[in-house]
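Hi everyone, thanks for coming. Please have the sequence and the structure open, and let's walk through a few spots together.

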Amino acid sequence: MKNYILVIILGFLFISLTEIALAEDAKTYDAEAFRQALEQDGFTVKEGELGYFDLIGLVEKGVLPSAYGNNPTTKYVAYFVPAATGHEIDERVSRLTSALGMSGNTTPFWNLRPDEAVVFVGRTPPECRYFSYDHYIMHRTFGNEKRWLFSNVADTVNNLVIKTKGTPDRSSGNPFNQTTVIIITADRGIDQRIRAAAESAGYSDSIINTQVLPSTILNMGLENNSDTFAAFIRPALFNDTQAGDDYINNTPATVFRITPNNTTELDPYDYPELRVRGTGKTEFELTDDLEELRTAILNKYNKSSATELPTSQAVPVGSDAIQRGINGVGPNNDACYLWTANQTASSPTPPFFNTSLYYPFLRNPAITLGNDPNELIIVYGVNHVATGKASYSNFAIYGADAWNGVRAITDADFNGSAEEYLPNNPNAKYLYVYKLARNCSESDQYCYEVPYGIGTYGIELDQPLFIGWRAYLENTTKTGPAYSEIVYDRAMKFDPKS
């Protein structure tokens, strides 16, 4: 009886301690207290929103002409920031935000004074293979022309480097579903004041991150010729799909636009030091094995005519696109990007919003996928996750007209797929093979049926297409793999012999 009473007492004690801990957490990480501390320090604070930036949906609704090579593995969460005091949101942007179901009082494309900041405060994504917070320059004025650049400014804050309550000061721990603060600003003094306000509201400095907008390469300000920015959260491959969808659709965080009420002496940041790609270890010892795999693929599909598609780097790094005034198509320093084209995307785009003229070199010659049983695409290569060069990798099939990514096949999907082609090769575990067709047989374990007849959610039979690859985040360097250290992925198109 005494033991029974003791168990009840301990149970009540545990529940009470848990409630106290939860209450203390809510008290410590209170965004309203943070807002009040900022206002007390002489800032005007405007609250924004976070929301799913559905690129395919925007193309389908006719709001955007392109999905900009969306990664089908990822649902992007955008910062929707209030306009600066005295400024209105562009009517065309309002149509975009309305199509996304947002309030219309905020914008995903925003200007920022050199003494302002945009701050994320809240929870990181639930457990997943990868997440990052990244900031971009979206538009820049060249003469009388406003061009769409969509280029990252510097490194991400990703799951391996972020400071959170579970990984204070970037210590090892759990970065998922943790409280964090991320400051985007061009000014060191503003950053320090925001950190001080956060600490006074109960946030430890050990969970605060800064993403720098370096004035040396950017045009800060609110004028018509000032640069326009955006920020996105990129979570990929949630362990719990429902938890991931809940995070995307109702992100447990808020965004503040923070403006000093009085003029301050500027102390602009220099360009931040970048994480260095590369370890010196390459994948090239697998070249002979890859050639053996290629021969096995050709032998298996010898009743069809094979065309080997080119592979090259898909998009420029952000700093290259910014300097040349070209469309970067949303690169990220945490990834390598390849595609089935002869060159890296490097075309300047027409003035925003008229961005319909996209990279015509992709369509000559055009690669299409019909529904003949002998017409298919084989994608194969080195599994960069198996070699340790990436945390996750995928390839996706795109419509070349709208750059709409229909489906991504990840390393989890193609792991072990090369062993049936190379049953006696111990290195087959480091390779993969996957088929793309309009109809897959029941015996095709590693095959994806490419849909059509559903608009930009599919690819029509006569529509040009391309394959795009991504390899994300080498654990050793905490950034993207070096292009010079990976073996490029490959693809072959098979057609019926005439």
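Let's start with helix H4, residues 91–99, where Val-93, Leu-96 and Thr-97 are buried. Looking down the axis of H4, these buried residues fall within an arc of 95 degrees, so they line one face of the helix. Keep in mind that what we have here is a predicted model.

What do the buried residues of H4 pack against? Their partners are helix H3 (55–60), strand S3 (77–82) and strand S4 (106–107). Now turn to the other side of H4: there, Glu-91 and Ser-98 are exposed.

The N-terminal end of H4 is capped by Asp-90, with a side-chain oxygen 2.7 Å from the backbone nitrogen of Arg-92. Just after H4 comes Gly-101, which takes a positive phi of about 80 degrees.

Next, let's move to the loop between strand S15 (335–339) and strand S16 (376–382), where you will find Ile-367. Setting aside neighbours within four places in sequence, Ile-367 is in contact with Leu-309, Gln-463, Pro-464 and Leu-465. For a sense of distance, the C-alpha atoms of Ile-367 and Val-121 are separated by 45 Å, and these two residues are 246 residues apart along the chain.

Thr-340 is also in the loop between S15 and S16. Is Thr-340 buried or exposed? Its relative accessible area is 11%, so Thr-340 counts as buried, the cut-off being under 20%. The side chain of Thr-340 reaches the backbone nitrogen of Ile-467 at 3.0 Å.

Conventions:
Residues numbered from 1 in each chain as written. Predicted model: local features only at pLDDT ≥ 70, side-chain atom pairs only at ≥ 80, totals over all residues. Heavy atoms only, no water. Buried < 20%, exposed > 50% of the residue type's maximum accessible area, 1.4 Å probe, protein only. Helix = DSSP H or I, 4+ residues; strand = E, 2+ residues; numbered from the N terminus. Arc of directions from axis to C-beta. Contact = heavy atoms within 4.5 Å. Polar contact = N/O pair within 3.5 Å; in protein donor to acceptor, adjacent residues only side chain to side chain.
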